[in-house]
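Subject: Structure handover and notes

Dear colleague,

Please find the structure below, together with its sequence.

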Amino acid sequence: MSRIWLVSITAIAIAFSFVNSAEAEDITTKKLLIKDNTNVAKRQVQVQSKDVGVTLAEADDPSLLGAAVHLYSATDDYCVILPAGPDWSTNGKKWKYKNRTTKNKAQVGDGKLRVKIKSGVTYSLIDNGVQGVVDTQVQFGAGTRYCMRCTGNKKDESTKFQAKDCAAVPCGAEPTICDSTVTTTTTTTSTTTTTLDPACPTGDFLDVASAPGAGGTYPDPTLSVSCTATDVIVTSNGIPHYTYIATTPHPLSAQSHVFTFTRTPTIAASTTDIPCLGTIGVSINGIPTYGPNEGPIPDPYGDPIANVTLHECMGHTGGNEDYHYHALLQKCLSVSGLVAEPWLNADPPSNVASSIVGYASDGFPVYGPYGCDDGVCTTVIEYLSSWDATGYESVDCTSSLDCSADYECALAMISGVRKLACVAKDYAWDNNAYSAKAGTEFLDECNGHVGPLGDYHYHATETFPYILGCFTGTPSADVMGGQCPPGP
Ligand SMILES: [Zn+2]
Ligand SMILES: [Zn+2]
């Protein structure tokens, strides 16, 4: 979604030349303290994390690039840049910043991050009474950008906001750019409307070069992600980052995939059907994603999961010898999945919000099935498809031996309840139907929703349509082809 702010201050920093491509990481917060005072000199901000996710290796050289500390809430937006230079020192175990004049301090090492700001604090509590939720993002140079999100669980008052032991949950979108590696030019203007594009999402994709690859004589997987002013461009050779196991007669060959989608997706006036065959998006390892049906064979336009032609990571090769997914599995599409046999990994915990597993061709991200139920992530819930299997034979099968020849025992949504059922193997779109359901866990027809932070996105689901039911935004020119033919 394009984010537009009305800026009505006399000086604004313009930073269009830079695209933040840093890895983002949600970490726990040990302590967050914001003190307000009518005497600005007595204001203070402190943030501390003791999280194993913080490492010295992920901090970029702040003596050359500085560090950025960004605190924001629904009402406040405060960015501090700790500048590059001799105030930074390292003993090989941590980076330390200390300025004698400002009394500002920071340090980062393995499992530890601390920031104390005592000068020039413009974050004000007095004008709002309460803050509710405060997000803090800290980045050393161009290193990992750490996100810490807290409610004022110890104090949320007009002079003090204090939080302790906050869980690692995603931050809301940053209202402005706060980055020490940005070269800013300051212009003087009275009132300006500024459109800030979201950051290029390079950090959402996997480093497939660090994975074992498909094995045998297959080439190594390749993947690159870049951005123009308007679009994200993903190129890959379509080789899986894990051991390839054939499940169709088609061999696996390297491809020259180029996926292009907008950086600023918006909800279109009406939805668009996904194509019967071909790409609907890309997963975070550069493999194309397809819709929930196959071609004319083995069972015409059938559900790929019920057709049992998929490998355990939910991919297989098609007629163009191209490996593609019909469903997205978080354990295959995560940093811990960068191994030879990620399908043997444990399933991700159901109490942790899923990360992004792919992007749809309309530019909206696709998350794994788990997500926060509200803005501070009180509970993590599994998001579910609102598509019901209609062409099923019977429920509560234990294997396909319980089903007739044209049916397969598979997980399906039956009137909003997930069950094993003998589902039809052919004409997937005729044997499933969308019906809106009450309950925040149920997704819309396209398999997405406006999440608790106000952004639209899709969730990969365990049942039909698995990835997308349609496009909520406007698909890019990558998407070709029409609807599947109807069943007999
Ligand atoms: Zn397929
Ligand atoms: Zn969601």
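Let me begin with one pair of strands: strand β4 (residues 29-35) and strand β15 (residues 160-166) pair in the antiparallel sense over six bridges. Strands here are DSSP runs of E with at least two residues, while helices are runs of H or I with at least four residues, and both are numbered from the N terminus; two strands count as paired if DSSP finds at least two bridges between them. Within this pair, Ile34 has Phe161 of β15 as its bridge partner. β4 is also joined by five bridges to strand β5 (residues 44-49), and these two run antiparallel; here Lys31 stands opposite Gln48 in β5. As background, strands of a sheet pair through backbone hydrogen bonds, either parallel or antiparallel.

Before going further, please keep in mind that this is a predicted model, in which local features need pLDDT of at least 70 and side-chain atom pairs count only at pLDDT 80 or more, whereas totals for chains, interfaces and linings use all residues. Residues are numbered from 1 along each chain as its sequence is written, and chains are lettered from A and ligands numbered from 1 in the order in which they are written.

The whole protein

The protein has one helix and 35 strands. Its radius of gyration is 24 Å, close to the 23 Å that the globule rule gives for 488 residues, so the protein is as compact as a globular protein of that length; the radius is taken over C-alpha atoms, and the rule is 2.2 Å times the number of residues to the power 0.38. Along the principal axes, the C-alpha trace spans about 80 × 50 × 40 Å. Of the 488 residues, 43% count as buried, a word used when 20 or more other C-beta atoms lie within 10 Å of a residue's own, with exposed meaning 12 or fewer, partly exposed meaning in between, and C-beta atoms placed from the backbone. Among the contacts with a separation of 6 or more, 67% are between residues 24 or more positions apart, where a contact requires that the C-beta atoms, placed from the backbone, lie within 7 Å.

Two domains

The domain assignment gives domain 1 (18-182) and domain 2 (202-459), with bounds that come from an automatic or database domain assignment. The centres of the two domains, taken over C-alpha atoms, are separated by 36 Å. Eleven residues from domain 1 and nine residues from domain 2 take part in the contact.

Two open sheets

In one open sheet of three strands the order is β18-β19-β20, with antiparallel pairing. Because β18 (223-227) and β20 (257-262) stand at the edges, each with a single partner strand, one side of each is left without a neighbour in the sheet. Strand β19 (residues 231-236) pairs with β20 in the antiparallel sense over six bridges, and Ile233 stands opposite Thr260 in β20.

Another open sheet of three strands has the order β30-β32-β31, again with antiparallel pairing. Its edges are β30 (392-395) and β31 (407-414), each with a single partner strand, so one side of each has no neighbour in the sheet. β30 and strand β32 (residues 417-424) pair in the antiparallel sense over two bridges, and Val395 stands opposite Ala421 in β32.

Which residues is Ile467 in contact with, leaving aside its neighbours within four places in sequence? They are Ile280, Thr289, Ala327, Leu328, Val366, Asn447 and Ala460. Ile467 lies in the segment after β35 (456-459), and it counts as buried because it has 27 C-beta neighbours inside 10 Å.

Tyr370 is found in strand β27 (residues 370-372) and is partly exposed, with 19 other C-beta atoms within 10 Å. Not counting residues up to four places away in sequence, Tyr370 touches Ser350, Val352, Ala353, Ser354, Val380 and Glu382.

Val130 lies in the loop between β11 (112-117) and β12 (133-140), and Val130 is partly exposed, with 14 other C-beta atoms within 10 Å. The C-alpha atoms of Val130 and Pro486 are separated by 57 Å, and these residues are 356 residues apart along the chain.

Definitions and conventions:
Two residues are in contact if their C-beta atoms, placed from the backbone, lie within 7 Å.
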